[in-house]
Amino acid sequence: MGWQGVSYNATDWAFKQPIEDSGAKLVLLAICHHADNKGEAFPSYARINELTGIAKRTITRKISLLVELGLLHAEERTRPNGSRTSTPVSYTHLTLPTKRI
């Protein structure tokens, strides 16, 4: 079942995930707050920091953990010519799994 609805559904899903690391869960919640109806979110690390108070370096580690756990898919955003639209530390394309876990 794909993602349908808005960020509320994604946030509700995030709350239900069995994540022991509270910082990782908070980062996931901040990301899900920005999810669209396809389960995609494009918050900057600065925006995640603004919402959570977590340092950018720690956000990077928490996103890596969430990707490792299979809760997020992250990829660098690029222009059609292959150049970056922003630095990998500033923005990441995040996609929630298509199946609810």
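Read along the sequence, the elements of the chain run α-α-β-α-α-β-β. Helices (H or I, at least four residues) and strands (E, at least two) are DSSP runs, numbered from the N terminus. The model is predicted: local features need pLDDT of at least 70 and side-chain atom pairs count only at pLDDT 80 or more, while totals for chains, interfaces and linings use all residues. Residues are numbered from 1 along each chain as its sequence is written, and side-chain values use heavy atoms, with hydrogens and water left out.

The chain has 101 residues, of which 40% count as buried. Buried means under 20% relative accessible area, exposed over 50%, and partly exposed in between (1.4 Å probe, protein chains only). The chain exposes about 6,000 Å². Carbon and sulfur atoms supply 53% of that area. Accessible areas come from the Shrake-Rupley method with a 1.4 Å probe; for residues, only the protein chains shown count as cover. Contact means heavy atoms within 4.5 Å. Among contacts with a separation of 6 or more, residues 24 or more positions apart account for 57%.

Helix H2 spans residues 22-32 and is mostly covered. Of its 11 residues, 9 are buried. These are Gly23, Ala24, Lys25, Val27, Leu28, Leu29, Ala30, Ile31 and Cys32. The N-terminal end of H2 is capped by Asp21. A side-chain oxygen of Asp21 lies 2.9 Å from the backbone nitrogen of Gly23. Such a polar contact is a pair of N or O atoms within 3.5 Å; within protein, one must be able to donate a hydrogen and the other to accept it, and residues adjacent in sequence count only if both atoms are side-chain atoms.

H2 packs against H4 at an angle of about 85°, with the axes 9 Å apart. Axes are lines fitted to C-alpha atoms, for helices over the stretch in contact, and angles run from 0 to 180 degrees between N-to-C directions. The two helices, H2 and H4, are therefore roughly perpendicular to each other. Angles of 65 to 115 degrees count as roughly perpendicular, under 35 as roughly parallel, over 145 as roughly antiparallel and the rest as oblique. H2 contributes Gly23, Ala24, Val27, Leu28 and Ile31 to the contact, and H4 contributes Ile59, Lys62, Ile63, Leu65 and Leu66. By class, the residues of this contact of H2 with H4 are 8 nonpolar, 1 polar and 1 charged. Ala, Val, Leu, Ile, Met, Phe, Trp, Tyr, Cys and Pro count as nonpolar, Asp, Glu, Lys and Arg as charged, and the others, Gly among them, as polar.

H4 also meets H3. The axes of H3 (residues 45-52) and H4 (residues 56-68) come within 10 Å and cross at roughly 100°. H3 and H4 are therefore roughly perpendicular to each other. Tyr45, Ala46, Ile48 and Asn49 of H3 make the contact with Lys56, Ile59, Thr60 and Ile63 of H4. The residues of the contact of H3 with H4 comprise 5 nonpolar, 2 polar and 1 charged.

Ile48 sits in helix H3. Its relative accessible area is 0%, so Ile48 is buried. Leaving aside neighbours within four places in sequence, Ile48 is in contact with Val27, Ala30, Ile31, Pro43, Gly53, Ile59 and Ile63. Ile48 and Leu29 are 19 residues apart in sequence, and their C-alpha atoms are 9.4 Å apart in space. Ile31, in helix H2, is buried at a relative accessible area of 1%. From Ile31 to Leu51 the C-alpha to C-alpha distance is 9.6 Å, across 20 residues of sequence.

Thr11 belongs to helix H1 (residues 7-15). Not counting residues up to four places away in sequence, Thr11 touches Leu29, Cys32 and His33. Gln17 lies in the loop between H1 and H2. Gln17 and Leu71 are 54 residues apart in sequence, yet 8.6 Å apart in space, C-alpha to C-alpha. Ser44 is placed in the loop between strand E1 (40-41) and H3. A polar atom of the Ser44 side chain lies 2.9 Å from the backbone nitrogen of Arg47.
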